[in-house]
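The entries below follow the order in which I looked.

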Amino acid sequence: MRAIGIAGRRGASPVQFFTRGRRYYGKYVGVYSSPVWTELETTNPPSPPYDRISRNIEKAREVLGRDRALTFAEKILYGHLDNAEDSLLTGTNGGRDVRGTANLKLKPDRVAMQDASAQMALLQFMTCNLPQTAVPASIHCDHLIVGEHGAQSDLAEGIAMNKEVFDFLASASKKYGIEFWPPGAGIIHQSVLENYAAPGLMMLGTDSHTPNAGGLATIAIGVGGADAVEALVGAPWELKAPRILGVKLINELSGWASPKDIILKLAGQLSVRGGTGYIIEYFGPGIESLSCTGMATICNMGAEVGATTSIFPFTPAHIDYLEATHRRAVVSRIMHHARTSGLDFKADEGAQYDEVITIDLATLEPHINGPFTPDLSTPLSQFKKTVQAENWPEKLSAGLIGSCTNSSYEDMTRVEGMVREALEAGVKPASDFYITPGSDQIRETLRRDGPLETFKEAGGTVLSNACGPCIGQWKRQDGVEKGTPNAILTSYNRNFRGRNDGNLDTMNFLASPEIVTAMTFAGTTTFNPMTDSLRTASGEEFRFTPPSGKALPEKPFAVARPEFQAVASQPDASAEVAISPTSSRLAFLEPFAPFPDSELIGLRVLVKVAGKCTTDTISAAGPWLKYKGHLPNISANTLNTATNAATGEVNAAYDYLDGGSRHTIPELAERWRTRGQPWLVVAEHNYGEGSAREHAALQPRYLGARVVLTKSFARIHETNLKKQGVVPLTFADEADYDRIQAGDEVETVGLLDMLRNGGRGDVALRVRSTKGEEFTIPTRHAISRDQAGFILAGSALNMMAQKNK
């Protein structure tokens with residue numbers, strides 16, 4: 001009999017075994033009542049299919065050789081292969097060169113979708129004509145609630161404004177057997193961590209921060225809606241086998257350092273594209289001192305370095321968390337399978353990483369990242385000097401804590417201790433203070449145990465259990481007008497220009513909740529709580545003591561209020577999906593035309609983009625979220641914050657087919673769509689970084705884009721383009737970026753043959769400039785056999801629909 005393989009933690013109590021019955025959900029009768037939400041039993045399994053995972057890992061060992069030591073991430077991936085021999089031996093030098101080469105065909109265990117991306121994912125799934133999803137799935141209504149006055153009023157207003165969308169999502173969930181989390185229940189990643197994440201699980205999520213679940217030893221990958229639909233219909237999902245970046249943690253955190261600082265420092269080391277093509281796997285003795293939610297924070301923000309996902313091995317902290325979140329049954333199954341099949345949840349002894357970075361937690365100091373990019377990392381001790389040298393605002397407009405990244409019980413109790421200490425000294429926040437609980441389970445536990453009242457006593461605004469300001473759903477109340485330079489500090493994960501409030505001059509600096517809170521009390525970005533003091537009303541000096549908190553509540557987490565619990569159902573073929581034919585927010589999809597039986601000719605460069613071009617740039621969120629289910633309407637924002645490389649203007653494009661008339665970028669794209677003029681975009685590095693927003697691929701495709709030519713792509717966006725029939729190409733010589741210009745005429749050379757040969761072959765672009773010069777640009781591509789099929793069919797959806805006729 002083999003002992004369970006988990007990473008140890010000093011002082012951990014002995015493992016216990018538990019059993020627990022199937023979970024039931026009560027009737028949804030609260031803030032938002034709808035006839036499609038009824039009392040139903042969950043169809044979701046309580047833990048991953050460990051028998052199948054064990055068998056698949058053993059098959060992979062047979063294929064690769066039993067002397068091959070596997071990393072933990074590889075074990076989970078190989079445990080979900082559809083066909084180990086096909087995935088691991090095709091084009092891999094007999095299995096010796098799997099990483100970075102193999103196209104893994106995977107069968108995920110489940111899919112999670114947030115309400116903004118779920119709309120398009122469901123509209124695509126509906127065209128496949130299936131009665132139910134092939135794997136368990138859930139929808140989480142978290143993106144459409146605007147943060148403004150506080151939880152109660154904001155939630156009520158959000159439900160009223162978005163009832164049409166929520167009814168659509170609820171009715172589709174009922175029809176296809178999808179578990180539905182209503183508005184106010186929580187942010188998708190927190191709800192997944194509390195309810196679904198489990199060691200050895202593999203899941204897809206239609207949000208780039210899905211890797212949050214890696215904090216609970218789960219392979220969780222952010223994808224676009226078309227990728228999600230592949231899993232929902234039961235088709236194998238393809239992933240280029242990632243390389244593995246090992247991050248070794250040694251010693252323990254102390255003082256003001258927090259788990260957030262680990263990833264803030266790592267982001268500064270790797271940059272926003274340094275993790276592209278990698279899974280980040282953490283190991284080493286330092287993991288023993290981290291809580292499950294601390295690990296989740298680190299994995300969540302791994303998306304900001306472009307990593308496919310991030311993961312920690314299983315430790316006793318995970319057992320503690322599973323028990324506290326009412327999942328002793330999962331613990332019991334883990335122990336059972338460890339004893340009966342030898343399944344473990346850590347890297348094999350001697351497993352090799354492609355690269356290793358070591359971080360000494362004992363010497364780690366707090367970091368602050370930003371503005372405008374999550375990889376501009378500055379140690380706290382240097383931040384005041386940097387603020388002054390860069391002429392960044394010293395006044396802090398607002399401090400915002402919580403969100404999916406940092407809303408755990410540990411985060412909130414550490415902050416509450418600071419707030420309570422300051423209040424007792426007579427000090428209150430000098431800047432606006434916002435708190436976002438990650439779920440109703442967290443909120444009710446904070447209410448029960450006291451922190452929620454402490455935040456309110458300090459004058460903080462407690463927002464609803466939703467994404468809110470983190471994704472641009474924020475109506476500021478401080479009078480800061482657009483165009484006004486100002487600074488905010490947040491414990492969020494992303495800080496692109498204009499992301500939080502629509503103001504391109506708002507500088508968002510990312511930090512731990514503790515540093516955000518300290519600076520909020522000071523009201524300035526130059527305050528260092530490790531060295532500086534504040535003045536009380538009586539003139540005395542007050543200094544924060546290093547924060548401390550509890551990883552978990554003393555009693556298990558409070559159960560979410562009935563109106564915020566999930567509703568699950570068996571598929572109901574009689575249920576009608578609620579879409580009004582006159583809706584401005586929801587519209588059925590029309591299939592894209594297949595690839596022509598020829599090369600692409602007569603393309604024109606719509607715009608040449610300079611600098612950072614994120615998915616926020618290509619398809620803005622904020623007020624545009626209301627059109628996520630209506631492709632024609634949301635396409636009116638396409639590339640509307642992109643910078644024109646030729647003129648330096650934002651959202652400006654010129655129609656060289658009409659005398660050079662000036663338009664906004666989406667206006668010109670629509671004009672060319674109406675004219676039947678196909679086009680391409682030219683851009684720089686890491687095009688499409690950020691959110692897993694498939695609209696950033698759907699919108700250009702709808703408007704007539706056939707090619708995107710860049711110096712490099714972000715992983716998710718490159719895949720999304722292929723799934724929608726757009727050809728992503730990169731410059732073989734980056735200097736050619738300077739040769740091609742907006743308005744140039746382009747035709748492809750070798751593209752049709754490459755697609756017909758299943759991705760094999762080179763592609764070039766023959767360019768005729770607006771000045772009459774002709775030249776050829778060699779390109780590179782990473783199009784697989786399956787992806788070539790998607791592009792030829794017009795989209796992955798077209799291919800799936802054909803297979804399911």
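**Entry 1: the largest cavity.** I sorted the lining of the largest cavity by class and got 11 nonpolar, 13 polar and 7 charged residues. This is a predicted model, and the lining totals use all residues. I then asked which residues lie nearest the centre of the largest cavity. They are Gln114, His143, Asp207, Ile471 and Ser691, out of 31 lining residues. I also checked which elements give two or more residues to this lining, and found helix H4 (115–126) and helix H6 (188–195). For the volume of the largest cavity I noted about 310 Å³.

**Entry 2: how many cavities?** I wanted the count of cavities of 30 Å³ or more, and the structure holds 10. I reminded myself how such space is found. Rolling a probe the size of a water molecule over the atoms shows where empty space is left.

**Entry 3: the second largest cavity.** I put its volume down as about 190 Å³. I counted 20 residues in its lining. Nearest its centre lie Ala303, Gly306, Gly690, Ala714 and Ile716. Which helix gives the most to the lining of the second largest cavity? I found helix H21 (residues 715–723), with 3 residues. By class, I listed 7 nonpolar, 9 polar and 4 charged residues in the lining of this second cavity.

**Entry 4: helix H7.** Just after H7, I came to Gly234, which takes a positive phi of about 90 degrees.

**Entry 5: cysteines.** How many disulfides are there? I counted 0 disulfides. I looked at Cys467 and found that it is in no disulfide. The nearest cysteine sulfur to Cys467 is that of Cys404, 6.5 Å away.

Next I checked burial, where the cut-off is under 20% relative accessible area. Cys467 has 7% relative accessibility, so it counts as buried. Cys128 has 0% relative accessibility, so Cys128 counts as buried too.

Conventions
Residues are numbered from 1 along each chain as its sequence is written. This is a predicted model: local features need pLDDT of at least 70, side-chain atom pairs count only at pLDDT 80 or more; totals for chains, interfaces and linings use all residues. Side-chain values use heavy atoms; hydrogens and water are left out. Helices (H or I, at least four residues) and strands (E, at least two) are DSSP runs, numbered from the N terminus. On a 1 Å grid over the protein atoms alone, a cavity is a set of points where a 1.4 Å probe fits but cannot get out, and a pocket is an open set with protein on both sides within 12 Å along at least five of seven lines; lining residues have an atom within 4 Å of a point. Grid points are joined across faces, edges and corners, and a volume is the space filled by probe spheres set on the points. Ala, Val, Leu, Ile, Met, Phe, Trp, Tyr, Cys and Pro count as nonpolar, Asp, Glu, Lys and Arg as charged, and the others, Gly among them, as polar. A disulfide is a pair of cysteine sulfur atoms within 2.5 Å. Buried means under 20% relative accessible area, exposed over 50%, partly exposed in between (1.4 Å probe, protein chains only).
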